[in-house]
Amino acid sequence: MIRTISIACVLCLAGVSTGIAQDLFIANAQIVDPSAREIRAGTLLIVDGVIVGSPEAPPSNFTGETIDLAGKWVIPGLNDLHTHSYGNMAPGGAMDGPGTAVVARRMLYAGVTGFLDLFGSEQQLLRLREQQRSGAIDGADIFASLSCLTATEGHCTEYGVPTRTMDSPDEARQVVSDLAERAPDVVKIVYAPTGRMPSIDEETLSAAVATATAHGIKTVIHVNTWQDVRDAMEAGASAVTHVPSQAPIPTDLARLMAERDMFSIPTLSVQTDFPNFVEDPSVLAHPLAAALTTQAIRDAYRGEAAIARVESRRERAATQDANIWTSIKTMSDAGVTMLTGTDAGNWGTIQGYSVHRELLLFVEAGLTTWEALAASTTQAGRFLGRSFGVNAGDEANFVVLDASPIADVRNTLRIAMVIHHGTVVDRQTLLDALHR
């Protein structure tokens with residue numbers, strides 16, 4: 001017998017755990033397809049956590065649940081491709097650090113069904129990723145670089161968390177090959193020769209990228225300048241993270257990045273959103289912000305340290321932000337594929353919530369709502385080698401919204417339901433567990 005369930009009573013079948021997929025038939029939805037840039041009224045048939053088609057009605061032998069989503073919009077699950085998933089930090093020493101397992105649940109509550117940790121505790125990330133993929137723990141899908149490859153005393157060594165260092169091409173080949181045995185989802189490399197901390201040189205970068213590529217692993221390069229980006233591109237890197245703010249991107253570099261299919265993970269949240277956290281009361285007053293961190297973290301952005309930081313940096317930040325916005329639009333116009341990455345774990349971000357902020361910042365920088373949504377969904381899947389979308393063969397990770405995100409990207413915050421690997425997430429139970 002096929003049961004049809006309205007969204008109002010769907011939580012009677014929902015589970016926080018994502019270990020066992022439900023078979024679902026979604027009816028009467030407005031399905032938002034970022035890859036085709038179209039919204040279609042229709043259905044989705046989900047079996048074993050995968051979309052198998054869009055028939056008018058479920059098959060006669062279907063024993064799963066039918067969910068009526070009339071008046072709702074379905075988008076692919078969102079992704080954060082640059083985060084540090086220990087928790088949240090704010091000015092004045094405020095810290096909310098429950099660890100990756102809890103952050104994964106917070107992310108899922110926020111409609112973020114996957115995230116890429118780009119540096120934390122290698123051993124813990126490896127263990128949690130293995131536990132999750134075996135079905136032992138729940139939450140948003142954990143992807144990880146596991147380590148941060150950098151020069152001796154370079155960036156990433158200052159946090160007291162063990163990381164891997166390399167100072168020559170031979171060391172780079174050895175370090176990357178050793179890390180590859182642990183199957184990181186990407187290799188993260190710090191390359192900033194003109195920065196304030198020691199950096200690997202261009203030859204070491206090239207050796208590291210070539211070795212990762214030989215192992216079939218994508219590379220994400222932390223950069224400071226546009227010359228760093230150019231060097232990373234010439235080395236064959238898959239992606240760069242952060243937007244150099246000293247000047248707008250050279251037009252030829254944007255064109256070359258697009259031609260070589262080099263991804264950009266701009267991290268607009270960490271680079272530009274801090275003043276909004278301090279000066280726009282609506283940012284931290286949003287219910288999702290309240291749900292995903294502590295009152296102490298939110299209060300810290302009203303404190304003297306936060307206000308003083310904004311005031312001391314206001315003039316410089318205005319120039320840097322203008323350069324960043326110009327660069328984002330130039331890259332977008334050139335056809336560079338951008339991905340949502342917040343660098344959450346740093347000031348001016350909240351795990352999960354800042355993915356929605358990143359989407360808004362993309363649009364404010366000149367991307368269309370379609371481009372912004374793709375950056376967090378279908379393009380994120382392409383980068384990770386996964387199939388994220390709303391078509392047959394795609395993983396059944398969705399966010400159900402009360403309004404169209406194409407009409408207004410802020411509508412991604414109007415979450416009615418989250419579906420993860422074909423399982424309807426009980427968001428209330430998840431939230432209750434987060435605040436116990």
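## The parallel sheet

D117 has A144 in strand 11 as its bridge partner, and strand 10 (residues 112–117) pairs with strand 11 in the parallel sense over four bridges; strands are DSSP runs of E with at least two residues, numbered from the N terminus, and two of them count as paired if DSSP finds at least two bridges between them. The model is a predicted one, in which local features need pLDDT of at least 70 and side-chain atom pairs count only at pLDDT 80 or more, while totals for chains, interfaces and linings use all residues. Residues are numbered from 1 along each chain as its sequence is written, and side-chain values use heavy atoms, with hydrogens and water left out.

This pairing belongs to an open sheet of three strands, in the order 7-10-11 and with parallel pairing. Strand 7 (78–83) and strand 11 (141–144) stand at the edges with a single partner strand each, so one side of each is left without a neighbour in the sheet. From one strand to the next the twist averages 20 degrees, where axes are lines fitted to C-alpha atoms and angles run from 0 to 180 degrees between N-to-C directions.

## A hairpin

Strand 3 (residues 38–47) and strand 4 (residues 50–53) pair in the antiparallel sense over three bridges, and I46 has I51 in strand 4 as its bridge partner. The two strands form a hairpin with two residues between them, and D48 in the turn has a positive phi of about 55 degrees.

## Salt bridges

Side chains of opposite charge can pair when their charged atoms come close. With a salt bridge taken as a side-chain nitrogen of Lys or Arg within 4 Å of a carboxyl oxygen of Asp or Glu, the count comes to 21 salt bridges. One of them joins D185 and R133, whose closest N and O atoms are 3.2 Å apart. This pair links distant parts of the chain, 52 residues apart, with D185 in the loop between helix 3 (169–180) and strand 14 (186–190) and R133 in helix 2 (residues 122–133); helices are DSSP runs of H or I with at least four residues.
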